[in-house]
Amino acid sequence: TDWQAYRLNDPLLAFESTKHPGRLGKQFSFLKVSSQRVRVLALKKAEQDDAIVVRLVELDGKPVGDVHIAFAAPIASASEINAQEQPLGAANVERGELVTSFNGYQPRSFAVRLSPPPQPMTAPRFASLALPYDISAASSDGRPASGCFDCWFDRPSATPQGKALPAEMLPEKIDYAGITFTLVPAGTGQPDALTTKGQILDLPQGNFNRLYLLAAAANGDQQASFTLGDRSTMLNVQEWTGFIGQWDDRIWKSVEEPVPQSDDVRAGSGRRPRMRTNEYGEMLGLSPGFIKRADIAWFASHRHDSGARNEAYQYSYLFAYVLDVPSGAKTLTLPRNPNIRLLAATVANQPEQVWPVQPLYDDLGRSSPER
């Protein structure tokens, strides 16, 4: 019953790939567990290195021994770790499989390193576009003049909001989907982003079939058209900060209500009761939930205000957008929208591609992402 419930709550998802010879055969498994009474709780990359972390638990409250855990490639080495991924001791590896045992309801975590795969994928070939950066979108701590993401750079008379990406959090490179975005140093006061104003950029020479853009928008989400050769694609470039998703939220009408009298104030004393505002006095309805769909390539836990001070839990985002490059295309024409900031662009040759044929998460399709 428990496995039937897991399958109902977390069903299998289907993926589609480009046509290929099928060198892995008709069946291929990333992970196998020999006991049906041991469940995989998590499978992830280690926080501090390139090991793979697998967390498992016994389901019945009964000891179970000689459990074999196998991966797509033979395990070269393994160690047991705690929930903080700190080492606890060696783990037993036999013929390329992790062999262990469990007490009743016991959770255990392991860090494993795999042997080189027998059929490695070909790494994509990619190259960065040279961008004529024209603004500084990131600021350094305590240096407000070093950057501003949401200023109106084309309107000198406008009052800037002055918020910026935290330069101390921006890396030199961002790895995404097998390619790399290369950023220029941020927080120096020198331009580190490009405002889209209809510029025409040359694509790197070579056989490339995909273009990756690292971008975000100021002053709300921005609909804009990007043109490769003679093919235009409309993108929704999402705002660099704020919420990217919310569940349904109650809308309240505040009401005035009397403050409860204390025991030492007699009823009927004629004293007028003090009033207070109840911000949750009456529910008026629901603000519908939403989720924005662009892939997050980078985020930070804060942003900088106009004084380059940290605004905690006001998240900063950069999003990845992917465009197919038509055969023979040599240029990228940017939209005329000064609210869009482009921080990097990379072309890639990716003959093998895999994509989901259904949402990987609840997309809240009952409501529009626009609010």
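## A walk from salt bridges to a sheet

Start by selecting Arg-113, which is partly exposed, with a relative accessible area of 38% (buried is under 20%, exposed over 50%, and partly exposed in between, using a 1.4 Å probe and protein chains only). Before moving on, note that this is a predicted model, in which local features need pLDDT of at least 70, side-chain atom pairs count only at pLDDT 80 or more, and totals for chains, interfaces and linings use all residues. Residues are numbered from 1 along each chain as its sequence is written, and side-chain values use heavy atoms, leaving out hydrogens and water.

Arg-113 and Asp-49 form a salt bridge with their closest N and O atoms 3.4 Å apart (a side-chain nitrogen of Lys or Arg within 4 Å of a carboxyl oxygen of Asp or Glu). The structure holds 13 salt bridges.

Next, select Glu-311. Its salt bridge with Lys-163 has the closest N and O atoms 3.1 Å apart, and Glu-311 and Lys-163 are both buried. Keep Glu-311 and show Arg-303: their side chains meet in another salt bridge, 2.5 Å from N to O. Arg-303 is buried, with a relative accessible area of 11%.

Finish at the open sheet of 4 strands, ordered β2-β5-β9-β8 with antiparallel pairing (strands are DSSP runs of E, at least two residues, numbered from the N terminus; two strands pair if DSSP finds at least two bridges between them). Its edge strands are β2 (31–33) and β8 (92–94). Zoom in on Leu-31, and you will find Phe-71 of β5 opposite.
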